[in-house]
Amino acid sequence: MRTPLPRTPRLAPAPRRAVVAGCATALAVALAVPVALTASAHRDAGSGHATPSAGVVADPAELSADDARIALSPLGSYATGVFDESAAEIVAYHARSERLFSVNAQAGEVTVLDVARPSSPRKLFALETTGVRAADGSTVPDGAVANSVAVRPDGLGVVAVESPDKVSDGWLVLFDAAGDGGALGAWRVGALPDMVTITPDGRNAVVANEGEPADDFSVDPEGSVSVVDLPRRLTGKHAGTVAQSAVRTATFHDFEGDALPDGVRVFGPDVAGPDGSLEHRVSRNLEPEYVTVSKDSRTAYVALQEANAVAEVDLRSARTTDLWSLGSKDHSLPDQGIDPSDKDGVAAVREVPVRGLYMPDGIASYTSRGQTYLVTANEGDAREWGDYVEPARVKDLGDDGLAPVCEDSPAAGLLGDADLGRLNVTTASGLRADGSCYEELYAFGGRSFSVWTTDGELVFDSGDEFERATAEALGAAFNTNHTETKRDGRSDDKGPEPENLVIGEVSGRTYAFVGLERAGGVMVYDITRPQRSELVTYVSNRDYSVSVEDAIDDGADPAATLAGAGDLGPEGLAFVPAADSPTHRPLLAVANEVSGTTTLFQVDRLVGRR
């Protein structure tokens with residue numbers, strides 16, 4: 001079924017500011033002329049910045065606003081030496097033990113790092129996540145994969161573990177962050193537990209059970225959210241009684257059929273669940289990706305990436321109480337453009353007659369003046385399972401059974417490779433009501449981050465600022481991939497691809513740290529006043545002169561090549577407040593899935609800035 005999207009569901013205008021003052025004055029029209037790299041690595045002691053150490057490239061790319069209040073400085077890194085195998089994905093920090101927990105999906109484990117000296121992270125051991133007896137009588141088998149980790153301040157930690165057969169139910173494994181890595185017990189949760197967080201009051205773990213289909217699309221389990229009552233105290237090596245009754249599950253059954261809100265994308269083949277049933281099509285189609293919890297610990301907000309939607313879950317009743325579409329952004333508006341082609345040879349960010357589906361991966365929340373806001377990293381994602389392939393290049397619409405672009409569409413005359421022809425768009429949205437042609441083109445992701453109210457109203461979107469800022473900072477590496485360095489390589493897909501984010505407070509101001517999965521590096525925005533969010537700095541601990549995939553294909557040693565490349569493919573981020581930091585200054589930890597590195601940055605306050 002192809003579900004057309006309403007043009008502007010639940011959306012307000014997208015307020016934003018121009019590219020950072022003082023950063024983009026040299027940009028040519030549509031950025032058609034490559035710009036020089038702005039980089040800074042070794043800083044003197046008088047600047048108040050940290051001195052880079054192990055794992056830091058010689059010249060991290062950097063771009064900052066003239067009035068930036070903070071700076072981000074890479075300190076040190078732990079390297080697995082594993083390339084493009086998700087050897088570092090999600091990170092969590094425990095202050096009392098000064099340990100960092102990094103999910104290594106390639107090894108199926110969580111690596112425990114001693115970061116008492118952030119310039120030299122040191123591996124201690126891996127957490128026990130298999131062979132653990134669960135409360136329902138099952139045992140976490142060999143081959144089960146750790147996906148996510150979270151730690152409570154007292155040291156009670158939880159790991160979301162996926163079944164070797166990903167369409168079957170997974171587990172949540174308990175551990176002591178200050179312990180020796182042994183498991184304290186486990187609960188059974190839903191299919192493919194992809195992300196776990198702990199509520200601010202420490203009483204519950206909340207798990208996004210993605211319910212992703214089998215690779216051949218033969219089976220599609222329901223997506224759900226598990227709400228787990230955690231032991232109140234962690235004493236020594238014990239966490240109290242671990243009973244399966246502590247697990248409650250929020251489903252999407254209340255939104256089946258006609259109850260599905262307008263714009264929430266339910267599409268593709270109707271595939272049975274693991275029990276063979278075709279019931280609950282909506283629930284099988286919705287795939288929880290990421291969770292954030294309100295400050296009062298009563299409400300969870302869940303990103304449903306492929307559906308381009310957010311769900312609200314009441315944690316007391318473990319019930320999904322609301323569901324809404326995030327709608328789309330109009331790339332034909334000023335300051336909302338994209339570079340849609342990987343064949344034009346330049347950084348050509350411009351307005352085009354295309355709409356972008358936000359499709360966030362990471363989602364976070366914070367309060368400003370007593371109001372809760374949601375913050376999303378608008379990555380975008382397509383469904384490609386078995387014979388079902390959602391995306392197509394614009395120039396291929398009209399071929400192989402696909403409907404063409406409507407003749408009266410403003411995109412109809414822009415189908416060449418240097419225009420919109422190379423851009424990947426969804427085939428599941430944008431059709432005219434009679435199905436004869438695509439009257440609107442919907443690209444994947446917003447190439448931005450956004451701030452929303454908890455009613456789904458858009459407060460701020462960074463527009464095309466990510467692409468414009470990285471064009472200036474990276475020059476010939478603009479819109480490169482994370483496995484190789486290639487100018488414009490990702491312009492036809494999702495550009496710099498904001499994957500995830502974390503929120504932190506420094507000197508009374510609130511900042512969003514957004515990781516760019518493909519381009520690399522972290523964008524930092526001051527979101528203290530949501531409607532007037534501003535880009536502060538961009539830093540990438542990556543040497544773009546090292547094209548790792550090309551070097552390895554030419555016979556280079558992977559570990560040695562990675563050692564010179566720095567961080568590739570930031571996935572998960574964790575903010576460490578100054579009060580919890582071993583340096584007594586705020587830190588940012590970033591797990592990079594392609595380079596397999598876990599890197600620590602210091603966040604410095606710039607004295608004398610307004």
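In this predicted model, strand E5 (residues 109-114) pairs with E6 through four bridges, and the two run in the antiparallel sense. Part of that pairing can be picked out residue by residue: Val112 sits opposite Phe125 of E6. Both strands belong to an open sheet of four strands, laid out in the order E3-E4-E5-E6 with antiparallel pairing. Strand E3 (91-94) and strand E6 (122-126) take the edges, and each has a single partner strand, so one side of each is left without a neighbour in the sheet. From one strand to the next, the twist averages 30°. As background, strands of a sheet pair through backbone hydrogen bonds, and they do so either parallel or antiparallel.

Stepping back to the whole chain, the model has four helices and 36 strands. Of its 610 residues, 62% count as buried. Take the contacts between residues at least 6 apart in sequence: 61% of them join residues at least 24 apart. The chain exposes about 21500 Å², and carbon and sulfur atoms supply 46% of that area.

Strand E2 (residues 70-79) is joined by nine bridges to strand E36 (residues 597-605), and the two run antiparallel. Here Leu72 stands across from Val603 in E36. E2 is mostly covered, with nine of its ten residues buried.

Further along comes a hairpin. E21 and E22 form it with two residues between them, and Arg369 in the turn has a positive phi of about 50°. The pairing of E21 and E22 is antiparallel and covers six bridges, with Ser368 opposite Gln371 in E22. Strand E22 (residues 371-378) also pairs with another strand: six bridges join E22 to strand E28 (residues 448-453), again antiparallel. In that pairing, Thr376 has Ser450 of E28 as its bridge partner. How many of the eight residues of E22 are buried? Six of them are, and the strand is described as mostly covered.

Ten of the ten residues of H2 are buried, so the helix is largely enclosed by the rest of the structure. Just after the helix, Gly475 takes a positive phi of about 55°.

Is Thr483 buried or exposed? Buried means under 20% relative accessible area, so Thr483 counts as buried at 7% relative accessibility. Setting aside its neighbours within four places in sequence, Thr483 is in contact with Phe83, Asp84, Ser547, Val548, Glu549 and Val594.

Then there is the empty space. Rolling a probe the size of a water molecule over the atoms shows where such space is left. The largest pocket contains about 1500 Å³ of space. Its lining is made up of 47 residues, and Thr197, Ile198, Val502, Ile503 and Phe575 lie nearest its centre. Several strands each supply at least two residues of this lining: E3, strand E7 (145-151), strand E11 (193-198), strand E15 (288-293), strand E21 (363-368), strand E30 (498-506) and strand E34 (570-576). Which strand gives the most to the lining of the largest pocket? That is E30, with six residues.

The largest cavity has a volume of about 60 Å³. Its lining consists of Gly520, Gly521, Val522, Ser540, Asn541, Arg542, Asp567, Pro570, Val590, Asn592 and Phe601.

Key:
Residues numbered from 1 in each chain as written. Predicted model: local features only at pLDDT ≥ 70, side-chain atom pairs only at ≥ 80, totals over all residues. Heavy atoms only, no water. Buried < 20%, exposed > 50% of the residue type's maximum accessible area, 1.4 Å probe, protein only. Pairing = 2+ DSSP bridges. Contact = heavy atoms within 4.5 Å. Areas by Shrake-Rupley, 256 points an atom, 1.4 Å probe, with all protein chains shown as cover. Axes fitted to C-alpha atoms, helices over the stretch in contact; angles between N-to-C directions. 1 Å grid on protein atoms, 1.4 Å probe; cavity = no way out; pocket = protein on both sides within 12 Å on 5 of 7 lines; lining within 4 Å. Points joined across faces, edges and corners; volume = space filled by probe spheres on them.
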